[in-house]
Amino acid sequence: YAYGTSLTAYNKYTASLAQLSGLSLNNKGVAGGALVANRNVYNRLMDNTDGKVNADLITIEVGANDSSSALGTPLDLENTTFCGALNVCLKNILTNCPKAQVVLMDSTRARWDTGGSLENPNTLDQVTSGGFTYLQRSEAIRQVAEANGIYYIPFGSGLGLGLYRELSSNLYNVDAIHHSDLGGYNLAQGIWCYLKDIPLWYNSMPS
């Protein structure tokens with residue numbers, strides 16, 4: 001079960017990952033979805049009627065559409081901040097999905113802001129309207145994973161598709177942030193390097 005923003009919903013990395021891994025994909029990404037700026041990703045993560053309670057693996061890609069939301073701290077428990085909403089969702093999943101390994105991933109970053117272009121790109125120290133940098137957001141997501149004792153994959157901050165590579169050409173992105181087939185394939189290769197070493201989670205002793 002793959003949850004996330006349009007980066008997940010558009011099936012660029014997820015389709016390649018399913019092919020590489022042999023996993024059965026249930027794509028629950030939602031274009032424009034967020035945890036706080038809107039509740040579209042939040043609501044899907046909190047919905048326990050969509051089959052996730054029987055999932056072996058749940059991946060969660062977040063961040064891209066919450067740049068205007070308050071970041072909060074990794075130990076927040078209120079759903080009014082990004083970190084708090086993420087903690088609430090993870091509590092629900094870890095409580096109600098007994099055999100799922102849960103993997104948290106930070107969204108890849110945008111090459112430019114809405115209305116911008118390659119001639120007016122983002123920078124490494126870009127501060128979002130929420131008052132934080134992309135690096136701070138990625139680190140907060142990693143710390144939320146650590147606080148909840150789950151796996152973290154640096155989707156946006158450690159699989160090779162950083163800002164300067166995004167800006168170098170149009171090979172990997174079709175617009176400010178969305179991936180091309182090639183970009184998604186490269187990201188899937190990176191995710192699989194992590195996923196292939198993550199074991200199943202057992203809620204009873206195997207026979």
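The side chain of H178 makes a polar contact with the side chain of S6, at 2.7 Å. By polar contact I mean a pair of N or O atoms within 3.5 Å; within protein, one must be able to donate a hydrogen and the other to accept it, and residues adjacent in sequence count only if both atoms are side-chain atoms. The model is predicted: local features need pLDDT of at least 70, side-chain atom pairs count only at pLDDT 80 or more, and totals for chains, interfaces and linings use all residues. Residues are numbered from 1 along each chain as its sequence is written, and side-chain values use heavy atoms, with hydrogens and water left out.

Let me stay with H178. This residue is found in the loop between α6 (163-168) and α7 (181-195). Helices (H or I, at least four residues) and strands (E, at least two) are DSSP runs, numbered from the N terminus. Is H178 buried or exposed? H178 is buried, with a relative accessible area of 16%. The cut-offs are under 20% relative accessible area for buried, over 50% for exposed, and partly exposed in between, with a 1.4 Å probe and protein chains only. Not counting residues up to four places away in sequence, H178 touches S6, L7, Y10, Y172 and N173; contact here means heavy atoms within 4.5 Å.

At 3% relative accessibility, H179 counts as buried. The side chain of H179 makes a polar contact with the side chain of T108, at 2.9 Å. Leaving aside its neighbours within four places in sequence, H179 is in contact with residues including L7, K12, F155, L161 and Y172, and also with G184 and L187.

I turn now to α2 and α7. Two packed helices are described by the angle between their axes and the distance between the axes. Helix α2 (residues 12-21) and α7 pack at an angle of about 50°, with their axes 7 Å apart. Axes are lines fitted to C-alpha atoms, for helices over the stretch in contact, and angles run from 0 to 180 degrees between N-to-C directions. α2 and α7 are therefore oblique to each other: angles under 35 degrees count as roughly parallel, over 145 as roughly antiparallel, 65 to 115 as roughly perpendicular, and the rest as oblique. The crossing of α2 and α7 is right-handed. A crossing is right-handed if the near helix is turned clockwise from the far one by less than a right angle, and left-handed if anticlockwise. On the α2 side, the residues that meet α7 are K12, Y13, S16, L17, L20 and S21; their partners in α7 include D181, G184, Y185, A188 and W192.

T14 lies in helix α2 and is buried, with a relative accessible area of 3%. Beyond residues up to four places away in sequence, T14 touches A2, T8, L25 and N27. N11, in the loop between α1 (6-9) and α2, is partly exposed at 32% relative accessible area. Phi of N11 is near 70°, a positive value in a residue other than glycine. Most residues other than glycine have a negative phi.

The next element is helix α4. At 1.5 Å a residue, the 15 residues of α4 (residues 82-96) should span 21 Å, and its end C-alpha atoms are 21 Å apart, which agrees; the expected span is 1.5 Å times one less than the number of residues. What covers the buried residues of α4? The cover includes α3 (40-46), β2 (57-62), β3 (101-106) and α5 (134-148). With α5, α4 packs at an angle of about 35°, the axes being 10 Å apart, and the crossing is right-handed. F82, C83, L86, N87, L90 and L94 in α4 meet A140, I141, V144 and N148 in α5.

Within α4, L90 is buried, with a relative accessible area of 0%. Its contacts, neighbours within four places in sequence aside, are I60, V102, L104, V144, N148 and I150.

Finally, N65 is in the loop between β2 and α4. N65 is partly exposed, with a relative accessible area of 29%, and its side chain reaches the backbone oxygen of G33 at 2.8 Å.
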